[in-house]
Amino acid sequence: MSLYEIVFLITLPLQTAAVFLYNKVFFTQRVTSKITETVAYLFYTAMIAGVFLTVRMPFGFIIANLLGIFFVALNYESKMMKKIMNVFIIYFIMFVAETVVWIGIGFFEIGMFEYSQFDSVLGVLITRVVLVSVAYVFYKYANNKKSTINLPWYYYMAHIVVIFGVLWLFLLSIEYETMSTGQMIFCCVLFITVIAAILFIDNMVYYTFAEKHKLEIIKMQNEAYENQTEIINQSVSNIRAIKHDINNHIYSIISMYENNSAENAREYAQKVIDEINGNNNISKSGNFIIDSIVNFKLQQIASSDVELNVKINVPQSMHIIAYDITVVLGNLLDNAIKAVMETKTDKKLSLDISVSKGNLIILVDNSYSGNLIINDGQLQSTKETKHKHGMGIKNIEKTVQKYGGELYIDYNENIFSASAIIPYIK
Amino acid sequence: MLNIAICNDDKYICSEIENIIIEYAKETKTAIETEVFYSGEELYGYMQKDSRIDLIFMDIELGSTTGIAVSQYIRNMLDNHTVKIVFITSKDGYERELFDVQPFNFIKKTVTKQSVSKCLDLLVKLIDKNKEVFEYSINRTVFKEDIKNIMYFENNLRKVKIVTKNGTNYFNSTLAQVKEKLPDYFLEPHGSFIVNYDYIRQIGENELVMVNGQKIEISRRYKKNIREYQIKKAREQRNVII
């Protein structure tokens, strides 16, 4: 067997890996067992190898690839149309990647490729590595879209720079014709190892991001717990204060009763009861997270001149994580409170949280001072913190869309309305 | 004629609500008939024989059977998904099962005229007396179906399939023609379906689940409409429109 054939067959698994990654991107559900799936991919590899060793016509490769990719796609759940479409998409991407590599090599006029014994070897090697790297980037990108982790743009930039930088250096390093077959193989193996190491390190970096994100969630949850504890403490202090004053209260009530003002006595007694029960809490739905956030955020305007209207009817727990509820509800309330505080007269804020057919619905209406700027479809306020305000809405949208929900915004001259609907039953 | 049921073991609250309803009927010139039940068993027994009730004011903390249990019976045993249930409660915090019976609204004790009237207003809006029966014909025979019993319509080749609580049938028509004869609360989650909102148990991201477990896909085109309808309903329920 020639060197070319050896390299072709050794790097063939890279191509299979690329197809595997693409399938992970396009399909969500595997309908066969892991073993069947693995066998399918082995079959694909064998099929390509078979064509290579026997017919070796470009036409044969095209057919083998299309059939092979389709056969493998049968392992996943989707409509037939989608499978067929994906076969062509995957093949097209692979085809483009290959073409770019060949053109790139020609463009950079790496002299040795014109008349070297190694050109096909390098070609197939580089093509395969580029193929699997592109597939990997697709895969990571698609995965990232599904999660809430916001990978900064320079993360992807760094990847592209590193991978293509290494590729370029590798090509430069083999300028000399005088390399032996052994040296060549060594260089190729080194090249593949370096790329693999890069991708491995990337995985570690990604997990670091994920851990950092998890810590932020825990931090948020702790804050929510702290808030609720604060409210409980307040309640306890209230009770202590009342116990302390209860003698005076009772004397007052008795004297009112003795003076034949029973109604006053009744009112007085009711006020004392209210204070004890903490009926002054704004949100008492029984849902720990929602009560916590609503009470914390709205307590500041409860005693102001804002006309507050709150109605919350929700189950005690839902399949939405605390962090996400905090992001959505917290941001909505922050925006509403800021806007309401800016209004001069007729300050109103209304919050309605309800549940409908497995969906959590949050409605926030507030009066505002009428100066809204819509910038690229992102809402921005008149204040200096324009940037922050715009981000708030984006965060809400991203969180809500994670569950397949939606955020709607509407406004007239006086009232600003935000409606969020979040499916919470999986 | 609206049929309202009040189910509460507290006789005082029962008469309070009844009085508010009578006042409401007078003020709005609506014909309302009220039935009072002091226990869940009584209500359930009545509904087994008579299913004309449109709305129930149900106390959650009922005597021996809780309001939730009675509601579950009505929904699951009697297979009645169209009667509206308004829960009256003094507690805060509801168990998850409570939301499975698709409550129409919640009223806190003490009951006020405003909270009861709000529910009646919403009910009146919902019930379109002109569209209570759906007629269709197969080979010159006319069939009538109570809209209350219709779960959904589906496009089936060239015919329309009508699925009710009692069975299925096929007739010649288009979904567009059918939609015109239906009240607002029949929604389209998909080009081939028109679904009765009351018979939807759950609306998920890409599909909805009917009360009998059947799943119907929500196509991307119609997702927005369904969402907006849910929000519209939620907005209507609010105590205050500011």
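This is a predicted model: local features need pLDDT of at least 70, side-chain atom pairs count only at pLDDT 80 or more; totals for chains, interfaces and linings use all residues.

Me: Start with chain A. How many helices and strands does chain A have?

Reply: Chain A has 12 helices and 7 strands. Of its 426 residues, 45% count as buried.

Me: And what share of the contacts in chain A comes from residues 24 or more positions apart?

Reply: 70%, taking the contacts in chain A with a separation of 6 or more.

Me: Which way do strand 6 and strand 7 of chain A run, parallel or antiparallel?

Reply: Antiparallel. Strand 6 covers residues 406-411 of chain A, strand 7 covers 415-423, and 6 bridges join them.

Me: What joins strand 6 of chain A to strand 7?

Reply: A hairpin, through 3 residues. At Tyr411(A), the bridge partner in strand 7 is Phe416(A).

Me: Switching to chain B. How many residues are in helix 5?

Reply: Helix 5 of chain B has 14 residues, 113-126. From first C-alpha to last, helix 5 reaches 20 Å, close to the 20 Å expected at 1.5 Å a residue.

Me: Which residues of helix 5 in chain B are buried?

Reply: Ser115(B), Val116(B), Ser117(B), Lys118(B), Cys119(B) and Leu120(B) are among them. The list also includes Leu122(B), Leu123(B) and Leu126(B).

Me: What do the buried residues of helix 5 pack against?

Reply: Six elements of chain B come up by name: strand 1 (2-7), helix 1 (11-28), strand 3 (55-59), strand 4 (84-89), strand 5 (105-108) and helix 7 (220-236).

Me: Now the cysteines. How many disulfides over all chains?

Reply: A search of the whole structure gives 0.

Me: Is Cys7(B) buried or exposed? And Cys14(B), buried or exposed?

Reply: Cys7(B) is buried, with a relative accessible area of 0%. Cys14(B) is buried too, at 1%.

Me: Last topic, the interface. How many residues does the contact take from chain B and from chain A?

Reply: 30 from chain B and 37 from chain A. The area buried between the chains is about 2900 Å², and carbon and sulfur atoms give 52% of that.

Me: How many salt bridges between chain B and chain A, and which side chains meet?

Reply: The count is 1. Asp365(A) and Arg235(B) meet there, at 3.0 Å, N to O.

Methods
Residues are numbered from 1 along each chain as its sequence is written. Chains are lettered from A and ligands numbered from 1 in the order in which they are written. Side-chain values use heavy atoms; hydrogens and water are left out. Helices (H or I, at least four residues) and strands (E, at least two) are DSSP runs, numbered from the N terminus. The expected span of a helix is 1.5 Å times one less than its number of residues. Buried means under 20% relative accessible area, exposed over 50%, partly exposed in between (1.4 Å probe, protein chains only). Contact means heavy atoms within 4.5 Å. Two strands pair if DSSP finds at least two bridges between them. A disulfide is a pair of cysteine sulfur atoms within 2.5 Å. Buried area is the accessible area (1.4 Å probe) that two parts lose on being put together, summed over both. A salt bridge is a side-chain nitrogen of Lys or Arg within 4 Å of a carboxyl oxygen of Asp or Glu.
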